[in-house]
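Hi everyone, thanks for having me. Today I'd like to walk you through how the parts of one structure meet. Let me put it up on the screen.

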Number of protein chains: 2
Amino acid sequence: MMDQILENRRIAAIAGRFLRPPHRLNRLHESDAELITLDPGFDRVLAITTDALSEEISSGLYVEPYRAGWMLAMSNLSDLAAVGAEPLGLVVTITCAPEPGEGFLEGLADGISAACGTIGTYVLGGDTNQGGRTFLSGCAVGLVPKAAVLTRKGVLPGDKVYLSGPAGLGGVFALLRLTEPARPIPPSFYVPVARIREGISLRGIASACMDTSDGVLHTLDTLMRLNGVRFILDSDWPKILHPEALKVCSARDIPAWLSLASVHGEFELCFTIPPDREEALLMAARQAGWSPIPVGEAVPGTGVGIRSGERVVDLDTARIRNMADSAASDPRRYVAELMTLAREAGI
Amino acid sequence: MMDQILENRRIAAIAGRFLRPPHRLNRLHESDAELITLDPGFDRVLAITTDALSEEISSGLYVEPYRAGWMLAMSNLSDLAAVGAEPLGLVVTITCAPEPGEGFLEGLADGISAACGTIGTYVLGGDTNQGGRTFLSGCAVGLVPKAAVLTRKGVLPGDKVYLSGPAGLGGVFALLRLTEPARPIPPSFYVPVARIREGISLRGIASACMDTSDGVLHTLDTLMRLNGVRFILDSDWPKILHPEALKVCSARDIPAWLSLASVHGEFELCFTIPPDREEALLMAARQAGWSPIPVGEAVPGTGVGIRSGERVVDLDTARIRNMADSAASDPRRYVAELMTLAREAGI
């Protein structure tokens, strides 16, 4: 099931050559961060994750060094959020040209620093190198109570699907940046914040959790494959999608739900809740000061569909995900392919 | 003192924009890995470090993917060794071309896997990306008893300087690869192994420790600047240098000690021992099955010198380190500059 996705096949080709760590609680693909037992007598496990930026910079998606730094930190911290961890901090490797340009390193560092400050965490250390191109990599670590780790596994038919916030902004940001590069975008348009607080309030409540760093449909596709369930997404777009995503799509005659199909997401948490814990979710979220958005449900079967009036339109999410392999190199073709898919699906 | 080194200035320009993590035991530059308190009630601290490979691959230093993978793992694990940590494992990010070439990913993964197996540790997880060039980044984590962390600080005049094994092989490997690229080098010529076991036996015994990933002279230069001492290196080269380093230098009329001046090192540990703990060192090393090599001593003052008969020749290690900025882009010039320096110093 997982190997219908090109990226998963690449990962499996590599990971198959590694021994499984006996002290890792999760299996491959089963959580956003790796969950490592430190000591039988210590009641918390280490969450560790790594994420790099390179094509995002060379493709023109992240133009400003400040944004690149912010995204480097947030993309790593978001994986910690999805396992319910409290961050200890992150380490970064920065490779850039010997003369990276006036203010480049400073902007990058300020973006990383601001992201850490927003979350209340720290840069623990790092490494700088010279290279022909800018390449950034981060690794975030955190702690999570052993008894309350969140993983991508555990969804049962009947569970409700929620998002930690409105979606689609990552998709339309990429659309604007990559297909209309001359158009200025206000810096505040797309400023994802890792949902650490939200992840912590999901401990012991969510049956599964994953961030939407690769977009909501990619997330649902992965959860669907890992859990052997079918997801049905509501189509109440004004409730599910960010107002700016609706606006951008509407002005371009793009079906709004396609903003969920982009491989560039918004770093919300997508999680499932057994029906008997919906009350607990609402209480925990209210206490922590955020509002879960119900977006659909898990049912028996397989696949991902969108409710459209009385019927459910099935989406070929494997095709959508494999299309994304062309996103950075040819964004216009990627958008055209998504539009074709939407026309074929009739939504 | 530290800012006479170009690389340190680059690091400081970035790190100065980050808040100091209150739970980090070490300050900037003061240890090979960051030392992070996990919990006041837990008797161990997390050691975390990150190291990337990019120029090493594009410059032709690491040609085979297996070697690149091996070095990625070992360079990260070596930083754990230098703080006396026991590894929990590492995470890796692999960025490479969409079609990286037959067997590239497999070779890379096998190199990483073999390095981990040699150390008895694991790949915990990772991230793959597509990009125009190969970029590899790793992050290793380990645990070390809070009471026994090794750092780069703590050298006093009178301390003896030791290496965990013979040096110079990293330097001559780089010399051969970069200045005589057509010459075949047997795969077994340069296969550094992170000195984890050695680092563990130095707990509570060494006054300071640092790995020689950037070469012995760079290591001594850093320890000298951090501790405000002067180092005098013995010149008993057959004892200090690897036999292959001696052979390669002798065949090319290069002073053998220059193999210590290369920025490409051999990943031994360089550490200092108070005179009254030399006995304890020898006992601990014997029990762990390795032999420390005495290479010099710390004395009052500043700088790094080499004992040459009755006199001590002072080395301009800041100049040597700053020269290294040209190593990857113009290796022949780098070697010529080192030769000039050796002639000027008269050794």
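Before I talk about distances, a quick word on domains: their bounds come from an automatic or database domain assignment. Please also keep in mind that this is a predicted model.

Let's start inside one chain. Chain A is divided into domain 1 (19-147) and domain 2 (152-345). The C-alpha centres of domain 1 of chain A and domain 2 of chain A lie 22 Å apart. How many residues does each domain bring to the contact? Domain 1 of chain A gives 22 residues, and domain 2 of chain A gives 25 residues. On the domain 1 side, the elements that supply two or more residues are helix H3 (65-82), S3 and H4 of chain A. H3(A) gives the most, with eight residues. That side of domain 1 of chain A divides into nine nonpolar, eight polar and five charged residues.

Now let's turn to the two chains. Their contact takes 48 residues from chain A and 49 residues from chain B. Several elements of chain A supply at least two residues each, including helix H1 (6-15), strand S2 (44-53) and strand S5 (135-145). Which element gives the most to this side of chain A? That is S4(A), with eight residues. The side of chain A that touches chain B is made of 23 nonpolar, 15 polar and ten charged residues.

Finally, the symmetry. A rotation of 180 degrees, with 0.0 Å of shift along its axis, superposes chain A on chain B, with an RMSD of 0.0 Å. The two copies are therefore related as by a two-fold rotation axis. Both copies use the same surface, too: 100% of the contact residues of chain A recur in chain B.

How values were computed: Residues are numbered from 1 along each chain as its sequence is written. Chains are lettered from A and ligands numbered from 1 in the order in which they are written. This is a predicted model: local features need pLDDT of at least 70, side-chain atom pairs count only at pLDDT 80 or more; totals for chains, interfaces and linings use all residues. Two residues are in contact if their C-beta atoms, placed from the backbone, lie within 7 Å. Helices (H or I, at least four residues) and strands (E, at least two) are DSSP runs, numbered from the N terminus. Ala, Val, Leu, Ile, Met, Phe, Trp, Tyr, Cys and Pro count as nonpolar, Asp, Glu, Lys and Arg as charged, and the others, Gly among them, as polar. Copies are superposed by least squares on the C-alpha atoms of residues with pLDDT of at least 70 in both.
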